[in-house]
Amino acid sequence: METKKTCLHDKHVALGALMSPFAGYDMPIQYSSIMEEHNAVRQDCGVFDVSHMGEVAIKGKDAEKFVNHIFTNDVAGAADGQVFYGMMLHENGGTVDDLLVYKMGENDFFLVINAANIDKDVAWMRQNIGNFDIEFDHCSDYYSQLAVQGPMAEKITEEVLGLEVKDLVFYTAKRVNVNGETIIVSRTGYTGEDGFEIYGSSDYIREQWDKLMSSGKCKPCGLGCRDTLRFEVGLPLYGDELTDDISPVMAGLSMFCKLDKEEFIGKEAIAKQKAEGVQQRVVGIELADKAVPRHGYAVMKDGEKIGEVTTGYNSISTGKSVCMALIDAKYGKLDTDVEVQIRKKCFPGKVVKKRFYDKHYKK
């Protein structure tokens with residue numbers, strides 16, 4: 001299958017980015033170094049090409065009902081411009097995908113899905129339309145997307161891109177008309193820092209990228225530091241902390257499953273898991289040593305394997321060797337002593353909170 005390219009591919013190559021396949025796209029992993037780009041987002045401002053993400057627009061008489069049917073969070077009666085995080089689930093509670101839902105107006109919703117799951121998600125949504133009276137528009141081919149992230153993101157988005165964003169609070173969005181084109185701007189991101197995500201045509205996004213790069217006020221960032229940033233603040237990545245077999249309850253994300261709403265696909269399974277408990281759960285682990293735990297490494301207790309690492313790094317912001325891991329729930333209490341097997345040696349550690357670094361969102 002041919003590797004796809006985002007509208008900014010030539011610009012990444014021109015900047016000397018290290019490119020690698022991700023979710024069917026040839027994407028920039030890093031430009032200078034993952035550490036430099038990571039620190040730029042934590043301390044200043046970094047810009048990501050996230051045009052590989054998928055988008056679906058849902059409108060029509062039953063749009064709100066349909067979204068609430070397929071989505072764990074509750075969008076009923078939400079204000080225009082509100083953004084929600086949540087999941088789409090299988091009937092057994094396993095996760096189809098985690099996603100953002102933007103309520104742009106009455107019965108007017110914009111869904112942002114993970115790049116690796118676009119085909120699966122769109123097929124699953126279509127299968128569940130049933131008798132809902134909606135217009136379903138899979139618009140991933142139209143939209144490209146930039147993420148401007150970091151403490152200076154608001155200032156740079158306003159001054160360099162000319163977009164008024166001070167009025168946006170965390171997890172809100174608006175449509176803006178720019179030279180006859182309607183774009184979407186939201187105060188969202190997946191880094192643990194303040195920031196904005198901008199959706200528009202490929203031509204518009206290319207122009208904005210050029211403005212940002214020529215301003216000298218922000219750093220281009222690759223997917224390498226996008227992963228280290230989201231990981232440090234305990235945000236899950238589909239395929240690691242959430243999968244078809246890992247439910248939101250197992251991942252510690254049941255707060256995004258609103259059991260008080262009438263129904264959603266997977267609701268009964270989630271209610272049962274919350275009532276009866278789960279066999280495995282995702283926890284944080286901090287190692288005493290500097291050895292780096294990686295995805296798939298075994299987590300041990302008293303010589304027995306009790307789980308596996310889902311994501312692990314030497315945290316750039318804290319300097320600690322930490323990981324998230326899916327382990328037997330009975331060992332999931334904070335401060336429980338465990339070990340992580342790295343190659344043939346076991347390194348001691350303890351269970352800690354999954355948020356290894358405090359988020360700095362603008363509320």
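The axes of helix H2 (residues 34–43) and helix H7 (residues 223–232) come within 8 Å of one another and cross at roughly 55°. This angle makes H2 oblique to H7, since angles under 35 degrees count as roughly parallel, over 145 as roughly antiparallel, 65 to 115 as roughly perpendicular and the rest as oblique. Axes are lines fitted to C-alpha atoms, for helices over the stretch in contact, and angles run from 0 to 180 degrees between N-to-C directions. Helices (H or I, at least four residues) and strands (E, at least two) are DSSP runs numbered from the N terminus. The model is predicted, so that local features need pLDDT of at least 70 and side-chain atom pairs count only at pLDDT 80 or more, while totals for chains, interfaces and linings use all residues. Residues are numbered from 1 along each chain as its sequence is written, and side-chain values use heavy atoms, with hydrogens and water left out.

The contact (heavy atoms within 4.5 Å) between the two helices involves Ile34, Glu37, His38, Val41 and Arg42 of H2, together with Gly224, Cys225, Thr228, Leu229 and Glu232 of H7. By class, four of these residues are nonpolar, three polar and three charged; Ala, Val, Leu, Ile, Met, Phe, Trp, Tyr, Cys and Pro count as nonpolar, Asp, Glu, Lys and Arg as charged, and the others, Gly among them, as polar.

Asp240 is found in the loop between H7 and helix H8 (267–276). With a relative accessible area of 16%, Asp240 is buried (buried means under 20%, exposed over 50% and partly exposed in between, with a 1.4 Å probe and protein chains only). Residues up to four places away in sequence aside, Asp240 touches Arg230, Ile246, His295, Thr310 and Thr311. Its side chain forms a polar contact of 3.4 Å with the side chain of Thr311; such a contact is a pair of N or O atoms within 3.5 Å, where within protein one must be able to donate a hydrogen and the other to accept it, and residues adjacent in sequence count only if both atoms are side-chain atoms.

The side chain of His295 likewise makes a polar contact with the side chain of Asp240, at 3.4 Å, and reaches the backbone oxygen of Thr310 at 2.6 Å. His295 lies in the loop between strand E14 (280–287) and strand E15 (298–301) and is partly exposed, at 49% relative accessibility.

Asp335, in the loop between strand E17 (321–328) and strand E18 (337–342), has a positive phi of about 75° although it is not a glycine.
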